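Dear colleague,

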Amino acid sequence: KKVWTYNFYKKEYKKYKKKISFIINKNVIFAADNLGYVYALDIKSQSILWSKFYGIPFRSNLKIIDNQLFLANQDNILYSINKQNGLTNWTFATSLTFLKNKFQNNLAIDLNNNNINFLNTSGELYSINYLNKKINWVLNFKYISKSDDLKQFLGKPIILSNDNILISTENSFLNYNSFSGAKNWSKPIHLALKPIISKNFIYLFTANNLLICLDLTNGNVIWSQNIFNDIKSKKQNKIGTIQDLKIINNNISLFSNNGYMLSFNYKDGLLIDSNKISRAGLLSKPIFTDGAMYLIDKKKKLLTFR
């Protein structure tokens with residue numbers, strides 16, 4: 001049952017393809033789009049609280065801490081916006097990249113140290129104190145060769161865990177101290193998906209189909225398994241591309257675009273089960289709430305699993 005709908009966009013924007021990032025905080029939806037708009041929509045009253053036009057498309061996830069809404073535009077400018085009225089608190093400009101790729105500006109909040117970590121599309125990682133607006137440190141992960149000054153940065157969203165900040169580049173997976181910016185360890189791994197952390201372990205899925213468990217503290221490999229070791233070659237082709245990694249009921253679960261769910265033992269990475277949960281294939285990543293898993297298939301049907 002549809003509860004309600006709201007269309008923020010006027011007729012002149014009907015033909016434009018919109019990419020909207022949003023976050024929900026205290027019954028308010030905060031949204032930013034590729035047209036340059038930021039707006040706040042009250043869920044209970046179903047009305048716009050405020051809207052601002054900034055003129056440059058936004059290209060990042062959104063984060064909220066206290067009264068500040070953080071986001072970044074396609075020119076790699078970080079914004080702090082007052083979530084009550086949409087007015088700009090402050091901005092911080094970083095290096096601009098002229099070539100656009102699939103990687104978007106990525107933000108993560110370090111509550112322990114009152115910092116916001118900002119990884120931009122140029123491969124620069126900034127740690128900025130969101131209270132005094134001072135830079136703590138800057139790291140550059142973009143590999144620039146002498147023959148290719150326009151090489152693009154390809155990475156995954158950053159992950160914070162206690163004092164660890166995990167960064168994925170095209171050829172490496174690295175752990176830095178979030179307070180000092182000092183490197184803890186690095187591994188020559190090309191990741192296919194954003195990793196996940198459970199207690200003191202990191203679970204990774206690589207571009208060459210390896211499921212890996214690392215020790216968060218020192219980066220040592222606990223185990224490594226090719227996900228297709230126990231799957232017949234005929235079925236491998238049917239599974240398709242792995243598009244998401246989750247921990248479900250203490251198992252490591254992989255989801256493919258062709259509708260398969262593969263479950264692995266978290267202790268050794270061995271295959272437990274493989275099931276086709278959608279005949280049509282999967283369009284979305286799974287969402288979990290109230291003991292249920294929700295997915296959208298390629299026919300745009302909502303699938304529910306207990």
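Asp244 counts as buried because its relative accessibility is 7%, where buried means under 20% relative accessible area, exposed over 50%, and partly exposed in between, with a 1.4 Å probe and protein chains only. Its partner in a salt bridge is Lys246, with the closest N and O atoms 2.6 Å apart; the term stands for a side-chain nitrogen of Lys or Arg within 4 Å of a carboxyl oxygen of Asp or Glu. Lys246, at 21% relative accessibility, counts as partly exposed, and the structure holds one salt bridge.

Please bear in mind that this is a predicted model, in which local features need pLDDT of at least 70 and side-chain atom pairs count only at pLDDT 80 or more, while totals for chains, interfaces and linings use all residues. Residues are numbered from 1 along each chain as its sequence is written, and side-chain values use heavy atoms, with hydrogens and water left out.

On the surface, Lys232, Lys234, Lys238, Lys276 and Arg279 gather in a patch of positive charge (patches are made of residues with over 30% relative accessible area and no salt bridge, like charges being joined within 9 Å and nonpolar side chains, namely Val, Leu, Ile, Met, Phe, Trp and Tyr, within 5 Å). Of these, Lys238 lies in helix 1, residues 233-239, and counts as exposed at 54% relative accessibility.

As for the whole protein chain, its secondary structure comes to one helix and 27 strands (DSSP runs, H or I of at least four residues for helices and E of at least two for strands), and 45% of its 306 residues count as buried.

How values were computed
Accessible areas come from the Shrake-Rupley method with a 1.4 Å probe; for residues, only the protein chains shown count as cover. Lys and Arg count as positive and Asp and Glu as negative; His and the chain ends are not counted. The place of a charge is taken as NZ of Lys, CZ of Arg, CG of Asp or CD of Glu.
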